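Welcome, and please get your viewer ready. We will go from one selection to the next, with a short note at each stop.

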Amino acid sequence: VNYRVAVDKEICIGSGKCVGHAPAAFGFDENDTSSPLESINTVADATILEAAKLCPVSAISVFDSDGRELFPAE
Amino acid sequence: MYASSTAAMVRLTTYADAREALRHRELREATHDEALFLLDNTVLVLHGDAHTRRRRVENRAFRRDILGHFERDQLADIFQETVGPFIEQSEGNLVEIAHRLVMNLSATVAGVDRPLRTPAETDRLYEFLKHLSEGATIIDSTRDKDEVRTEVLDALDAFKREFYSASEARRRALIADFHAGTIGEEQLPRDVLTTLLRYQTELGVPDDLLPREVGLYLVGAHTAANQITHLVHELLTWMQQTGDKTRVAAKDLRFVQRCMLESVRLNPPAPSLLRAAPDAEVVLRTGRSIPANALVDVDLASANRDPSVFGNDASEFNPRREVSPEVYPWGLSFGAGTHVCIGQEMAAGQPMDEDVAPEVHLYGAVPRLVYMLFEHGLTPHPERPPVAAGHTRRREWGEYPVAFAR
């Protein structure tokens, strides 16, 4: 995996779409918001990007190895 | 300050504008403003932080492990209990069958007990479902709205007496046992009502809100039930048009799920969603301006048929349609943004992923139930054609007679 992710905890509604799509990459924290797991390093970049795109509120940002924002990049 | 009922209306018909408006944090949910007599302070109409806090807690009842348990372990029993009598009679009205099916499922998810599990009990709950659904979608009702409101509030009172109060009392007792250490957490129901009761103080949810919040999940059953009838109709039409006489299409669950996503794109549960603008102009990325205090009509029916996104045949049912990875195959039928449909995965499953093994993939309750209906030899009724619903502007069937092979 080359991508890095950041979850905006303020806007995450805990829909679980990222957890459902990439259970090795995301879990829930004690506040019911999405949280990247240590095992995210074992998950394919494409899967991480797909999980981010499924987020209904775009709470997950994905960056490439150079730090460029790939998603949502709006 | 947000838009009033006399505000200017802006209609968004393209996929890009509609999607952005639904996700825009400055645009307040306003679809149910006319239904506040029933929905006030429920998660459906809350905005901002209060909505986010409530939603995070209620989402617990829709996590993947719970949905998997419903799909794989409970759905077949609910199907047999609900559809069995119709299969015995070799016929039935699919609209009624679908509502009972999804209602019984939704009651389990919501936390409404059905202690008797009899057809008469199902009928009674179904009556409440119809009233509560009509109240929540009163904006599209073609009936006298004062009459509808009176009926809905009477039905809500009866729902509390006949179903809700005992369901709440049982859960409060279980939660007390859990806090006393006499039962473990795994013995608590994992439904919406139990979750709300456990976090009621933290969320600031008053007692009188609870039955309306829980009733909301029965209302959700109405939209999922309509999708069953739409999907059966689209599949029957597809098989007829493609000459699929052995009905191969309905024997492939993964394909049935694809059909459901295409069907729900063409038949969004709500033809449009409303958003209210703040007291400052909002400009969308396409340059479309939404004036201060305007009402925004997010036209899902049009956005879901946007040819620039879904192709020139966007208005046709094509389960083999390919769309860009940036686009949802189901269009915007489940909404987007913070008010995205909480029951989406329960109804429609998870997006297709070839890397996920079939035994753990979530296909969704609607595709699975439709698959089971076809397994029991569902065909159109030989004598009675389907009839569209007359009480609403929504695209719904009033009666859809079907036959079953015995």
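**Stop 1: the contact**

Select the residues where the chains meet: 23 from chain B and 22 from chain A take part in the contact, with contact meaning heavy atoms within 4.5 Å. This is a predicted model, in which local features need pLDDT of at least 70, side-chain atom pairs count only at pLDDT 80 or more, and totals for chains, interfaces and linings use all residues. Residues are numbered from 1 along each chain as its sequence is written, chains are lettered from A and ligands numbered from 1 in the order in which they are written, and side-chain values use heavy atoms, with hydrogens and water left out.

About 1900 Å² is buried between chain B and chain A, 44% of it from carbon and sulfur atoms; buried area is the accessible area (1.4 Å probe) that two parts lose on being put together, summed over both. Now pick Arg23(B), Arg56(B) and Arg63(B): they supply 28% of the area that chain B buries against chain A, more than any other three residues.

**Stop 2: chain A**

Switch to a cartoon of chain A and follow β-α-β-β-α-β-β from the N terminus. Helices (H or I, at least four residues) and strands (E, at least two) are DSSP runs, numbered from the N terminus. Next, show the C-alpha trace of chain A, which spans about 30 × 25 × 15 Å along its principal axes.

Finally, colour chain A by burial: of its 74 residues, 58% are buried, that is, under 20% relative accessible area (1.4 Å probe, protein chains only).

Technical notes:
Buried < 20%, exposed > 50% of the residue type's maximum accessible area, 1.4 Å probe, protein only.
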